[in-house]
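Student: Please take me through one part of this model in close detail. I would like to look at a charged pair and whatever surrounds it.

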Amino acid sequence: MSRSPGLIDSHCHLTAPQLANELDAVLDRAQEASISSINVVGYTVEHSQRAIEMARRYDALWATVGVSPHDAKDAPEGFEHSLRTMAVENRDEVVAVGETGLDFFRLISPRETQISAFIKHIELAVQLGLPLVIHCRDAFETTCSLLAEHGASAGVFHCFTGSAREALRAVELGFYVSFSGIVTFSNAQQVRAGAAAVPDNRLLVETDAPFLAPSPMRGKRNEPSFLVYVVEQLAKIRGASRESIARVTAENAHRLFGRTAR
Ligand code: NI
C-alpha cells in the first residue's frame, strides 16, 4: 500500500472477526482502491491489543487503543492501566486513544459507566499527548463539557451524525470531524449539512467497517475499499473533486495522528 498520497480510512474495526478472518483479501482490495493507511480502532482491551499486533505486521495499519462506550460495562477493573501500558510500549503503532465517548441513544452501558470510562480515556490521552477518537450519540453537550473540563484539545468526532452547528462547535473545540457511509444514506440530510459545514482542514473520512456500508453497498459487510463511495459523496456535497477530498483528508489524518505521509 504505497501509492501516494492515497486515501486514509481514519476509523475501521479490522480486528472484528468479519474482517480479521479474511484480512489479506480485505487489504488487497483496499490497496486496489488506493487506500494508503487504515486506523485500526480497538473497542475492548483485547481488541486494542490485536489492533497493535496488526499494525506491527502491516506498515499501512495504525492502532488506536480504547474501550467503546458500548463495551464499557464489561471493561475489567483498571482497564485504563492496560491501555496506558499498550500505548507506552508501542509508540510506533499507537496513534490515538479510543474509541471512547458517550452513547445515550443505545445505552448499552449505563450512563454513569460510560461517563466514568470516558473520563479515564480523556485523562490518558492528555497524559500521553495522543488524540482521542470519540463516539458520540445523543450526548453532544455532555461530551463537550467533559472534554473541556478534563483538558482535552485534540481528537476526532468519528462517524459524525450531529447537526452543522454541532460540527462547527467540535471544530471550535479543536477537534476534527469524520464522516462514514451514513453520509450516503438517502435519509441523512442533517449529516450532509454537517459534512458541508466542516472546514477543509478538519475533515476526515472513515468506513467504521464492518458496519455502516455506504450506498450502493448498504446492508453488506463494510470494508475499507468501500471508502471511495464516502469520498464521492463528500465531493458532491462540497462541490470539490474526489482527488481534493482524498488529499485534504489524508493530510488531516497524518496531522492529527502524528504520522508523516509515505
Ligand atoms: Ni467504531
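Tutor: R29 forms a salt bridge with E223, and the closest N and O atoms are 2.8 Å apart. Keep in mind that this is a predicted model. R29 sits in helix α2 (residues 23–32), while E223 sits in the loop between β8 (203–205) and α9 (227–238), so the pair ties together parts that are 194 residues apart in sequence.

Now compare the surroundings of the two partners. E223 has 2% relative accessibility, so E223 counts as buried. The cut-off for buried is under 20% relative accessible area. R29 reaches 31%, so R29 counts as partly exposed.

Each partner has a further contact. Start with R29. R29 also forms a salt bridge with E22, where the closest N and O atoms are 3.3 Å apart. E22 has a relative accessible area of 32%, so E22 is partly exposed.

Turn to E223. The side chains of E223 and R221 meet in a salt bridge, at 2.5 Å from N to O. R221 has a relative accessible area of 25% and is therefore partly exposed. Through shared partners, the salt bridges join E22, R29, R221 and E223 into one network.

Why can such pairs form? Side chains of opposite charge can pair when their charged atoms come close.

Conventions:
Residues are numbered from 1 along each chain as its sequence is written. This is a predicted model: local features need pLDDT of at least 70, side-chain atom pairs count only at pLDDT 80 or more; totals for chains, interfaces and linings use all residues. Side-chain values use heavy atoms; hydrogens and water are left out. A salt bridge is a side-chain nitrogen of Lys or Arg within 4 Å of a carboxyl oxygen of Asp or Glu. Buried means under 20% relative accessible area, exposed over 50%, partly exposed in between (1.4 Å probe, protein chains only). Helices (H or I, at least four residues) and strands (E, at least two) are DSSP runs, numbered from the N terminus.
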